[in-house]
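Here is a walk through one protein model, step by step. Keep the sequence and the 3D view side by side as you read.

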Amino acid sequence: MDRPVFASASVSPGGCSKGSCGAGAAQPDDWPDEVRAKVQDHPCFSEDAHHYFARMHAAVAPACNIQCNYCNRKYDCANESRPGVVSEVLTPEQAVNKTLAVAAAIPQMAVLGIAGPGDPLANPERTFATFRLLAEKAPDIKLCVSTNGLALPECVDELARHNIEHVTITINCVDADVGAKIYPWIFWKNRRVRGRAAAAILIGQQQKGLEMLVARGILVKINSVLIPGVNDQHLKEVSRVVKAKGAFLHNVMPLIAEPGHGTFFGLMGQRSPSPEELQRLQDACAGDMVMMRHCRQCRADAVGLLGEDRGAEFTLERLDALEASAGEGGGIDHAAALARRQAFRAQAVAELEARRAARRAEAQGAPQVLAFHRPARKPRGRPVLMAVATKGAGVVNEHFGHAREFLVYEASEAGVRFIGHRRTDKYCVGGEHCGDGESRLDRVIRALAGCEAVLCARIGFEPWGRLEAAGIAPNAEHAMEPIEAAVMAVWRGMLDAGALAAGPLGAAGRRA
Ligand code: CLF
Ligand code: SF4
């Protein structure tokens, strides 16, 4: 395809119907069918999809062609992952074997991304060999790549030849003066370029690459690292510029900087943004385009649903054992694995379509099929943040004590909207570690600051009491219900109880 994917659609991803800029950001429910078909099973490009579909990263790209001040080369690429963990670098053949093993074990597996540990397009042979081999063996798996953009324009044709429909570019600035504070140097045409000149070249390449991808109908997500005092005032302009060029989604991620990571920013004491600062900036940018709020800043060798990490199940050692068992008549039945993925996909897509249809019907005032998105009363009450423990499928289905993270939603008279996630240690580890449960629970409660209720499948007596004492109402009444329906029901309960004017809700639900 040789035209922007939205050029023929009536609604752009940023809500710009032809000739009517400023109409506000279109919601995913309004995306044209051809776009929805591309994203409905991509866990990063669709918030809905991330409840169902898994991705994995193949760490085949060790080299990088630039230096970011938030990166230490001995860790993964911080543009697409969190620093502090080192990946096992794989050959393309190892990466494909691993992908096939993951796709056989996890029917939700839908996307293979290459995101590091360096820059995928600074390692084009390894990156494209991986894509080529996988496309031959498992053509149902979508291919995805994340890049700093320096080598992008020269790789766009190759990306299109490999039928890659999703590309992420990390764009932290569109102003070289800002860029000079983020990038000390780039490696360009066989020499090192420093300072403002380096940033100007990088920005030029990123913008050119974005335009070229959009012209070929490839969906482009922009990642930006929010660095307080460096680009926080500038990212709204970045959002505006990339939207004007046809970017599909903007993902503003918080800087992770700690002295122990050995990065320039970490060592200089550059602080990370608070969750409130991140949300404020995401909201400020949202006027110009659709924002991604469910990014988990995952590792360059991550495996599984976003928020879970099953990488340890698929180490090279384990893959070698699997290969050995194949020689003894064991191994993977790839045809059966493909059938399981296809069956899962059909069911998940049907559920997603049903939810979308319900939301649209409700928005249009038709009889409610799933009455969860808007209160059927005249507007009143105040917005409330609620945390939800889930392990996928878009329902409240996780035990409070087993949750490694909570999804945070805001409920109000306008409906339910996803705000982000809060990571936390699983506080209930059982056995010999139970003695430190109390301090872990303290950390969980701290992570839920600002939330007035927490919805989960089950919860024990001790956390119940501790949450109540912290002003967070535990609620296990909505186990296995769709998240938005459950959040809306709790909000309505608070409204009916007169709790929205007076402050936090009293406890509700049952205990485990
Ligand atoms: Fe991987 Fe990135 Fe593709 Fe997703 S991750 S290459 S677009 S398949 Fe996703 Fe992970 Fe956030 Fe990246 S949650 S860090 S946005
Ligand atoms: Fe590090 Fe990624 Fe930046 Fe390269 S692009 S320096 S690997 S964060």
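Just after helix α14, Gly498 takes a positive phi of about 70°. The model is a predicted one. Step back from that glycine into the helix itself. Helix α14 covers residues 483-496. Its 14 residues, at 1.5 Å a residue, should span 20 Å, and the end C-alpha atoms are 20 Å apart, so expectation and model agree. The helix is mostly covered, with 10 of its 14 residues buried. Among them are Ile483, Ala486, Val487 and Val490. Trp491, Met494 and Leu495 are buried too. The buried set also takes in charged residues, namely Glu484 and Arg492.

Now turn to charge pairs. Side chains of opposite charge can pair when their charged atoms come close. Here the count comes to 22 salt bridges.

Start with Asp41 and Lys142. Their closest N and O atoms are 3.4 Å apart, and the two form a salt bridge. Asp41 lies in the loop between α1 (33-39) and β1 (54-57), while Lys142 lies in strand β4 (residues 142-147), so the pair ties together parts that are 101 residues apart in sequence. Are these two partners buried or exposed? Asp41 has 4% relative accessibility, so Asp41 counts as buried. Lys142 has 14%, and that residue counts as buried as well. The cut-off for buried is under 20%.

Next, look at Asp283 and Arg417. This salt bridge also has its closest N and O atoms 3.4 Å apart. Asp283 sits in helix α9 (residues 275-286) and Arg417 in strand β13 (residues 415-423), so a helix and a strand 134 residues apart in sequence are tied together by the pair. Asp283 counts as partly exposed, at 29% relative accessibility. Arg417 is partly exposed too, with a relative accessible area of 31%.

The third pair is local. Glu353 forms a salt bridge with Arg356, and the closest N and O atoms are 3.0 Å apart. Both residues lie in helix α11 (residues 334-363), 3 residues apart, about one turn of the helix. An α-helix has 3.6 residues a turn, so residues three or four places apart point the same way. Glu353 is partly exposed at 29% relative accessibility. Arg356 is buried at 14%.

Glu88, Glu317, Asp320 and Glu323 form a negative surface patch. Residues of a patch have no salt bridge. Asp320 has its place in helix α10 (residues 316-327).

Other contacts bring parts of the chain together. Return to helix α9, where Leu278 lies. Leu278 is buried, with a relative accessible area of 15%. Now find Thr170 in strand β5 (residues 166-170). Thr170 is buried, with a relative accessible area of 1%. Thr170 and Asn148 are 5.1 Å apart, C-alpha to C-alpha, and 22 residues apart in sequence.

Last comes the backbone. Most residues other than glycine have a negative phi, and most peptide bonds are trans. Pro117 is found in the loop between β3 (109-114) and α3 (124-137).

Two residues take a positive phi without being glycine. Lys189 has a phi of about 50°. It lies in the loop between β6 (185-188) and β7 (191-194). At 66% relative accessibility, Lys189 counts as exposed. Gln297 has a phi near 45°. Gln297 is found in the loop between α9 and β10 (303-304). With a relative accessible area of 13%, Gln297 is buried.

Note on methods: Residues numbered from 1 in each chain as written. Chains lettered and ligands numbered in written order. Predicted model: local features only at pLDDT ≥ 70, side-chain atom pairs only at ≥ 80, totals over all residues. Heavy atoms only, no water. Helix = DSSP H or I, 4+ residues; strand = E, 2+ residues; numbered from the N terminus. Expected span 1.5 Å × (residues − 1). Buried < 20%, exposed > 50% of the residue type's maximum accessible area, 1.4 Å probe, protein only. Patch = residues over 30% accessible without salt bridge, like charges linked within 9 Å, V, L, I, M, F, W, Y side chains within 5 Å. Areas by Shrake-Rupley, 256 points an atom, 1.4 Å probe, with all protein chains shown as cover. Salt bridge = Lys/Arg side-chain N within 4 Å of Asp/Glu carboxyl O. Charge placed at Lys NZ, Arg CZ, Asp CG, Glu CD.
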